[in-house]
Amino acid sequence: MNIEKITAVYWSASGNTRRVVTVLGQALAQRLGVPYSDIDFTLPAARKQDYSFSATDFVIAGAPTYAGKLPNKILPDFATHLIGGHTPCAAVVTYGNRSFDNALAELCAVLQKDEFLPVSAVTVPCRHAFTDALANGRPDEKDVTALAAFADKIADRLMADKATPVCVPGQADAPYYIPQGRDGKPAKFLKAKPKTDIERCISCGHCAAVCPMGAIDAEDVTAVTGICIKCQACIRACPKQAKYFDDPAFLSHVAMLKEHFADTVTGRKAISFYL
Ligand SMILES: Cc1cc2nc3c(=O)[nH]c(=O)nc-3n(C[C@H](O)[C@H](O)[C@H](O)COP(=O)(O)O)c2cc1C
């Protein structure tokens with residue numbers, strides 16, 4: 001396969017997916033001796049543009065798992081604005097130590113519809129956006145080493161002209177995972193929005209600038225005027241730790257995750273590679 005350049009395309013609200021796809025993309029470009037670039041598909045303006053690729057591109061497409069699938073408000077943009085042309089690609093899904101469930105299958109399906117050819121895939125346990133108690137610090141150096149080794153394998157396949165369609169677990173059209181609370185019952189926090197501690201907030205506007213939904217009013221950052229997808233971008237970007245969620249159902253879900261999926265309970269979960 002004649003590959004002339006590598007492009008990583010990612011949606012990444014709290015930075016894990018960006019780190020994973022850029023590590024993989026840069027390692028692959030270096031191994032193949034071709035240029036590397038990336039497209040940050042996270043913010044609303046970037047998701048309004050079309051990105052077209054040809055058969056001599058190799059694309060690394062990455063997204064996180066939300067409720068066992070891809071973030072539902074973002075999926076239409078992946079389906080509309082990434083335009084392949086028999087473009088070989090790697091599908092990358094990160095998840096926060098619980099499970100990626102059907103997210104990888106959904107990403108591969110949407111890429112196929114977009115005329116990409118998924119020939120490799122990877123799922124990487126990463127720090128959960130909701131809490132540092134799950135997969136804290138990941139992707140870490142061990143993950144970076146493993147991803148670079150995987151890039152070597154993808155390169156070998158491409159150079160030997162042996163890249164074939166990849167098989168991944170899960171079902172693209174499966175329903176979403178229903179978050180549970182500590183009591184095991186569904187935790188309904190769809191309408192929860194971040195609050196602002198006005199004693200701490202300095203109105204720097206970071207939260208509004210990083211919101212992938214453009215939901216925070218830049219003039220009055222205490223106002224969440226749009227849809228909140230609970231991605232935690234504002235919480236993690238705030239230099240004063242002024243943003244927080246106090247929705248009881250959300251907090252109960254986070255407590256359940258800590259009880260059942262913290263590193264101390266699960267041990268270190270492995271990256272899964274598919275080729
Ligand atoms: C709204 C939401 C839902 C999530 N759902 C899941 C899930 O079902 N399973 C899981 O293991 N992690 C889940 N996570 C954790 C993210 O998949 C994980 O933290 C991911 O690496 C975040 O990627 P990013 O840093 O690129 O935004 C969820 C995170 C958020 C914000």
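**View 1. Pro-175 in its loop.** Pro-175 sits in the loop that joins α4 (141-159) to β8 (195-196), where helices (H or I, at least four residues) and strands (E, at least two) are DSSP runs numbered from the N terminus. The model is a predicted one, in which local features need pLDDT of at least 70 and side-chain atom pairs count only at pLDDT 80 or more, while totals for chains, interfaces and linings use all residues. Residues are numbered from 1 along each chain as its sequence is written. Pro-175 is exposed, as 11 other C-beta atoms lie within 10 Å; a residue counts as exposed at 12 or fewer such atoms, as buried at 20 or more, and as partly exposed in between, with C-beta atoms placed from the backbone. Asn-102 is 73 residues away from Pro-175 in sequence, yet the C-alpha to C-alpha distance is 8.6 Å.

**View 2. The shell around the ligand.** The ligand is surrounded by 26 residues, of which the closest are Ser-12, Asn-16, Thr-17, Pro-64 and Gly-96; a residue is near the ligand if its C-beta atom, placed from the backbone, lies within 6 Å of it. Two or more residues of this shell come from each of α1 (16-32) and β6 (87-95).

**View 3. The ligand and the two domains.** Domain 1 (5-175 + 270-274) and domain 2 (195-246) both give residues to the shell, so the ligand lies between them; the domain bounds come from an automatic or database domain assignment.

**View 4. The whole protein chain.** The protein chain holds eight helices and ten strands, and of its 275 residues 44% count as buried.
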